[in-house]
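Student: I have a structure open and would like to go through it with you. Could we begin with the charged side chains?

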Amino acid sequence: NIQGYADAQARVAEYLRRINGAEYLGDAYIIGSGILAREPGQQAPSGRYAFSIRAAIKPPKADDDNQES
């Protein structure tokens with residue numbers, strides 16, 4: 001799980017897109033109640049949005065140049 005704070009909800013959406021486009025991470029989605037101005041039980045910095053993301057680690061792809069014949 002990845003937890004953090006963002007200045008805008010759009011930044012979290014961009015972060016999700018980047019994770020899903022990454023070579024070693026994917027299948028990312030927001031968990032819990034979504035992107036919140038204040039996360040219950042946490043002190044979100046003023047004007048920031050709390051978020052929690054779950055992502056899967058992808059296995060490395062085989063590199064055809066490094067395979068022996």
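Tutor: E14 and R17 form a salt bridge, with their closest N and O atoms 3.1 Å apart. A salt bridge here is a side-chain nitrogen of Lys or Arg within 4 Å of a carboxyl oxygen of Asp or Glu. This is a predicted model, in which local features need pLDDT of at least 70, side-chain atom pairs count only at pLDDT 80 or more, and totals for chains, interfaces and linings use all residues. Residues are numbered from 1 along each chain as its sequence is written, and side-chain values use heavy atoms, with hydrogens and water left out.

Student: Why are E14 and R17 separated by about one helical turn?

Tutor: They are separated by about one helical turn because they are three residues apart in helix α1. Helices (H or I, at least four residues) and strands (E, at least two) are DSSP runs, numbered from the N terminus.

Student: Which other residue meets E14 in a salt bridge?

Tutor: The side chain of R18 does, at 3.0 Å from N to O. R18 and E14 both lie in helix α1, four residues apart, which is about one turn of the helix. Through shared partners, the salt bridges join E14, R17 and R18 into one network.

Student: And is R18 buried or exposed?

Tutor: R18 is exposed, with a relative accessible area of 60%. R17 is exposed as well, at 53%, while E14 is partly exposed at 30%. The cut-offs are under 20% relative accessible area for buried, over 50% for exposed, and partly exposed in between (1.4 Å probe, protein chains only).

Student: How many salt bridges does the structure hold?

Tutor: It holds three. One of them pairs R48 with D7, where the closest N and O atoms are 3.0 Å apart. This pair links distant parts of the chain, 41 residues apart: R48 is in the loop between β2 and β3, and D7 is in the loop between β1 and α1. R48 counts as partly exposed at 35% relative accessibility, and D7 is also partly exposed, at 47%.

Student: Let us turn to the strands. In what order do they form the sheet?

Tutor: The order is β1-β3-β2, in an open sheet of three strands with antiparallel pairing. Two strands pair if DSSP finds at least two bridges between them. The edge strands, each pairing on one side only, are β1 (2-6) and β2 (25-30). From one strand to the next the twist averages 35 degrees.

Student: How many bridges join β1 to β3?

Tutor: Five bridges join them, and the two strands run antiparallel, with β3 covering residues 49-57. Within this pairing, Q3 stands opposite S52 in β3.

Student: What does S52 touch, apart from residues up to four places away in sequence?

Tutor: S52 touches I2, Q3, Y29, I30 and I31, where contact means heavy atoms within 4.5 Å. At 10% relative accessibility, S52 counts as buried.

Student: Where does helix α1 pack?

Tutor: Helix α1 (residues 9-21) packs on the sheet, touching β1, β2 and β3, and its direction makes about 150 degrees with that of β2. For such angles, axes are lines fitted to C-alpha atoms, for helices over the stretch in contact, and the angles run from 0 to 180 degrees between N-to-C directions.

Student: Which residues make up the largest nonpolar core?

Tutor: There are seven: A6, V12, L16, I19, A28, F51 and I53. A nonpolar core is a set of buried Ala, Val, Leu, Ile, Met, Phe, Trp, Tyr and Cys residues joined through side-chain atoms within 4.5 Å. Both α1 and β3 supply at least two residues of this core, and α1 gives the most, with three. In soluble globular proteins, nonpolar side chains tend to be buried together.

Student: Could you take the residues from the helix one at a time?

Tutor: I19 lies in helix α1 and is buried, with a relative accessible area of 5%. Leaving out residues up to four places away in sequence, I19 touches I2, L25, G26, A28, I53 and A55. The C-alpha atoms of I19 and A55 are separated by 7.8 Å, although the two are 36 residues apart along the chain. V12, with neighbours within four places set aside, is in contact with A6, I30, I35, F51 and I53.

Student: One last topic: what is the phi of D27?

Tutor: Phi of D27 is near 55 degrees, a positive value in a residue other than glycine. Most residues other than glycine have a negative phi. D27 is placed in strand β2 and counts as exposed, at 61% relative accessibility.
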